[in-house]
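Subject: Structure handover

Hello,

Here is the structure you will be working with.

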Amino acid sequence: AHRLLGNTVRFPAKALGFLGYFISIEVEFCRNWDNGSFGKFFLPEFYLSRADFYLCQTNLTAARADLNSAWDIINRSGMKLYATDACLSEARYHLALNQPEIAKQFCERAQMLISETGYHLRDKALECLKQDLQDLK
């Protein structure tokens, strides 16, 4: 079982391959939709979902690539809600690398963005990450 966006998710072994395939199709669809202009508004969400999927599989190289792609779009477009999600994914990524101090920095940044934007939909995910950080101590 893995924590993903504040929920415990169980992936049956056979479903993992299909799930990864469908997430990749969504990314390609958004990348190519309307010559890429409209689809880019949704790309960060799909990159972050796929990064979290890769983290569940401990494929850290692929997760890093998707996080970088998401950040490129988020920073260029000033997407604060997606920045919150990206901070949470970054915290999970750095926990997977056993870098709790960096993970804590991303949790603090996510907390700041949640307060600034009112994006309290991510409060539960943030609390789960904070608990994971506490469990490491």
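This is a predicted model: local features need pLDDT of at least 70, side-chain atom pairs count only at pLDDT 80 or more; totals for chains, interfaces and linings use all residues.

Residues are numbered from 1 along each chain as its sequence is written, and side-chain values use heavy atoms, with hydrogens and water left out.

Overall make-up

The protein has six helices and two strands; helices (H or I, at least four residues) and strands (E, at least two) are DSSP runs, numbered from the N terminus. Their order along the sequence is β-β-α-α-α-α-α-α. Of the 137 residues, 42% are buried, meaning under 20% relative accessible area, with exposed being over 50% and partly exposed in between (1.4 Å probe, protein chains only). Taking contacts (heavy atoms within 4.5 Å) between residues at least 6 apart in sequence, 56% join residues at least 24 apart.

Helix packing

Two packed helices are described by the angle between their axes and the distance between the axes. Axes are lines fitted to C-alpha atoms, for helices over the stretch in contact, and angles run from 0 to 180 degrees between N-to-C directions.

α3 and α4 have axes 11 Å apart and pack at an angle of about 155°. They are therefore roughly antiparallel to each other; angles over 145 degrees count as such, under 35 as roughly parallel, 65 to 115 as roughly perpendicular and the rest as oblique. The crossing of α3 and α4 is left-handed, that is, the near helix is turned anticlockwise from the far one by less than a right angle (clockwise would be right-handed). Residues of α3 in the contact include Leu67, Trp71 and Ile74, and those of α4 include Tyr82, Cys87 and Tyr93. By class, this contact of α3 with α4 has 11 nonpolar, two polar and two charged residues. Here Ala, Val, Leu, Ile, Met, Phe, Trp, Tyr, Cys and Pro count as nonpolar, Asp, Glu, Lys and Arg as charged, and the others, Gly among them, as polar.

The axes of α4 (residues 80-96) and α6 (residues 123-136) come within 10 Å and cross at roughly 20°, which makes α4 roughly parallel to α6. On the α4 side the contact is made by Leu88, Ala91, Arg92 and Leu95, and on the α6 side by Ala125, Leu126, Leu129, Asp132, Leu133 and Leu136. These divide into eight nonpolar, no polar and two charged residues. The crossing of α4 and α6 is left-handed.

Salt bridges

The count comes to six salt bridges, each a side-chain nitrogen of Lys or Arg within 4 Å of a carboxyl oxygen of Asp or Glu. Three of them involve α4.

- Glu90 and Arg64 meet at 2.5 Å, N to O. Glu90 lies in α4 and Arg64 in α3 (residues 60-77), so the pair ties together parts 26 residues apart in sequence. Both Glu90 and Arg64 are buried.
- Lys80 and Glu116 meet at 2.3 Å, N to O. Lys80 lies in α4 and Glu116 in α5 (residues 100-117), so this pair ties together parts 36 residues apart in sequence. Lys80 counts as partly exposed at 42% relative accessibility, and Glu116 counts as partly exposed at 45%.
- Asp85 and Arg122 meet at 2.5 Å, N to O. Asp85 lies in α4 and Arg122 in the loop between α5 and α6, so the pair ties together parts 37 residues apart in sequence. Both Asp85 and Arg122 are buried.

Regards
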